Amino acid sequence: MTTREAVTRRPLSLALRITASTAFATMLVLVVYAWQISRSLDQHFALQDLGELRAMSQSLSRALIPSPGADGADAAQGADPATEQQVVRRLSTAVMGHHGVYFSVTTAGGKAVYGTAPAELVALASGHPAAPGLALDALNIWSGSQQTWRGAVLLIGSERVVVAINMDFHLGYLRQLRIGLWAGTLVACALAIAAAAFAVRWGLAPVRRLSARIGEIDSEALHLRLDPSPTPAELQPLVKSFNAMLERLQQSFVRLSDFSADIAHELRTPVTNLTTQTQVMLSKPRGADDYRELAYSSLEELDRMTRMIGDMLFLAQADHARRLPALDPVDLAHEVRMLFDYFEALAEDRGVTMTLEGECAPVPGDPLMLRRAAGNLISNGLRHTPRGQCLTVRLRASGTSIDLIVENPGPEIAAEHLPRLFDRFYRVDPARRYQADKGDGTGLGLAIAQSVIQAHGGRVSAHSGNGLTRFTISLPALQQPVTT
């Protein structure tokens, strides 16, 4: 992707989006409002002109069709010049007082009888058919070279009558009104855009402050937190979520730092032992038995390092297996019995017995990983069970989950150690162990168990009291057939 394409596809800023949408909505409302006002005034002037034209047409109708007995109206219209003079006289009298209104009367044969309309208006109206009466939809607008008229062509008696009113004053007023409306609309839109831009900038000020505060947080300041109290209500969930994320990051960073230090410490001990033993051996000539003893000692240290590295690799895999690709129904009772067979020799050597109590339904999971987690807890319990005592594993259903409990007698674990038992390389006081030697454990067994159980959507906890130490694994029960 080129730089230009990247710039083209970059989304618009939130401030620009809000300002543009507000300005568009304001402009649309003002334009519709201005159009409605202009249309309403135009309609008002049209009705006003219609009223004036109706008054004119009624006067013309009375002049052209007079009541019986008035001015010899019983004589035939247009029968002689005297009659035409009488019609003209009545017409000139009828239109008195109608200023700005023009009319033209012609006979059916096209002969002009009388009129005040300009010749240009008569020519423009000549092509329109006559209407039986005046109505708003019958009005026409005729535009001449210098004037504009609104009028209609009527049929009064047998005469064709053109009535019209000059609308130049109305048009001039509407033109000035539209100019004022559009100018006001533009000014109002500009003010709306400025107000929207100010409101957006003021409204986004808390976001900018939060961004600046977030920018101050780095790996050396993970303890900092955002204060939700001065932030708007809409941003408080975001602030709380961000603080929770910082808390998780800080805990992960601390664990990672401790893990790195613990790895260095744990690996330094066997490497130092190997180096010291080799230097002592090389300080002077030795016999074959001495070299053989050095080889066996070195092998023990290397075996311990191998187990430690294997545990760390397995732990890393368990940490990344938060979503297991395939889950099988796992019979925990069967897995525990297999583990009892595996640890039988160790239990006999330590003088400890093992017993299984209870049954349970299968759980969805990876058999090898669950076996490793349960095996670590059983191995840990065997190492800390006094000779002649019994290690007990219980299975029980608890609602929608299945519990696997590993319980052993022995000295209690202090309460301050319980929260950190599942930390990597964490060990309680070695004086608590029975018959412990340097080959027992790497300090990763409980951490591996916790990672495996969390990967299966469960949890593991520890409790110690009344001379018993209990580790409890809770796994979700099998709710439906699991596809392999």
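1. Salt-bridge network. In this predicted model, a network of salt bridges links Glu357, Arg394, Glu407 and Arg470. The structure holds 10 salt bridges.

2. Arginine 150 and aspartate 42. A salt bridge joins the side chains of arginine 150 and aspartate 42, with an N to O distance of 3.8 Å. The pair ties together parts that are 108 residues apart in sequence, because arginine 150 lies in strand 4 (residues 148-156) and aspartate 42 in helix 2 (residues 14-64).

3. Arginine 150 and aspartate 49. Arginine 150 also meets the side chain of aspartate 49 in a salt bridge, at 2.3 Å from N to O. Here too the pair links distant parts of the chain, with aspartate 49 in helix 2 and arginine 150 in strand 4, 101 residues apart. Are the residues of this pair buried or exposed? Both aspartate 49 and arginine 150 are buried.

4. Glutamate 359 and arginine 337. The side chains of these two residues form a salt bridge of 2.9 Å, N to O. Glutamate 359 is placed in the loop between strand 7 (353-357) and strand 8 (363-365), and arginine 337 in helix 9 (residues 332-342); the pair links distant parts of the chain, 22 residues apart. Glutamate 359 has 53% relative accessibility and so counts as exposed, since the cut-off for that class is over 50%. Arginine 337, with a relative accessible area of 39%, is partly exposed.

5. Negative surface patch. Which residues form the negative surface patch? They are Asp341, Glu344, Glu348 and Asp349. Helix 10 (residues 344-350) gives the most to this patch, contributing three residues. Glutamate 348 is one of the residues found in helix 10, and its relative accessibility of 56% places it in the exposed class.

6. Arginine 350. This residue also has its place in helix 10. Its relative accessibility is 9%, and arginine 350 therefore counts as buried, the cut-off being under 20%. Arginine 350 and glycine 388 are separated by 38 residues in sequence, while their C-alpha atoms are 8.3 Å apart in space.

7. Nonpolar surface patch. Phe24, Leu28 and Val32 form a nonpolar patch on the surface, and together they have about 320 Å² of accessible area. Phenylalanine 24 belongs to helix 2. With a relative accessible area of 58%, phenylalanine 24 is exposed.

8. In soluble globular proteins, nonpolar side chains tend to be buried together. In this model, the largest nonpolar core has 42 residues, and those with the most contacts inside it are Leu332, Ile378, Val393 and Leu404. Two or more residues each come from helix 8 (288-320), helix 9, helix 11 (367-384), strand 9 (390-398), strand 10 (401-409), helix 12 (445-455) and strand 12 (468-476). Which element gives the most to this core? Helix 11 does, with seven residues.

9. Histidine 334. Histidine 334 lies in helix 9, one of the elements that give two or more residues to the core described above. At 41% relative accessibility, histidine 334 counts as partly exposed. The C-alpha atoms of histidine 334 and proline 362 are 9.9 Å apart in space, and the two residues are 28 apart in sequence.

10. Backbone at asparagine 466. Most residues other than glycine have a negative phi, and most peptide bonds are trans. The phi of asparagine 466, in contrast, is near 55°, a positive value in a residue other than glycine. Where is asparagine 466 found? Its position is in the loop between strand 11 (459-465) and strand 12. Asparagine 466 has a relative accessibility of 77% and counts as exposed.

Conventions
Residues are numbered from 1 along each chain as its sequence is written. This is a predicted model: local features need pLDDT of at least 70, side-chain atom pairs count only at pLDDT 80 or more; totals for chains, interfaces and linings use all residues. Side-chain values use heavy atoms; hydrogens and water are left out. Patches are made of residues with over 30% relative accessible area and no salt bridge: like charges are joined within 9 Å, nonpolar side chains (Val, Leu, Ile, Met, Phe, Trp, Tyr) within 5 Å. Accessible areas come from the Shrake-Rupley method with a 1.4 Å probe; for residues, only the protein chains shown count as cover. A salt bridge is a side-chain nitrogen of Lys or Arg within 4 Å of a carboxyl oxygen of Asp or Glu. Lys and Arg count as positive and Asp and Glu as negative; His and the chain ends are not counted. The place of a charge is taken as NZ of Lys, CZ of Arg, CG of Asp or CD of Glu. Helices (H or I, at least four residues) and strands (E, at least two) are DSSP runs, numbered from the N terminus. Buried means under 20% relative accessible area, exposed over 50%, partly exposed in between (1.4 Å probe, protein chains only). A nonpolar core is a set of buried Ala, Val, Leu, Ile, Met, Phe, Trp, Tyr and Cys residues joined through side-chain atoms within 4.5 Å.
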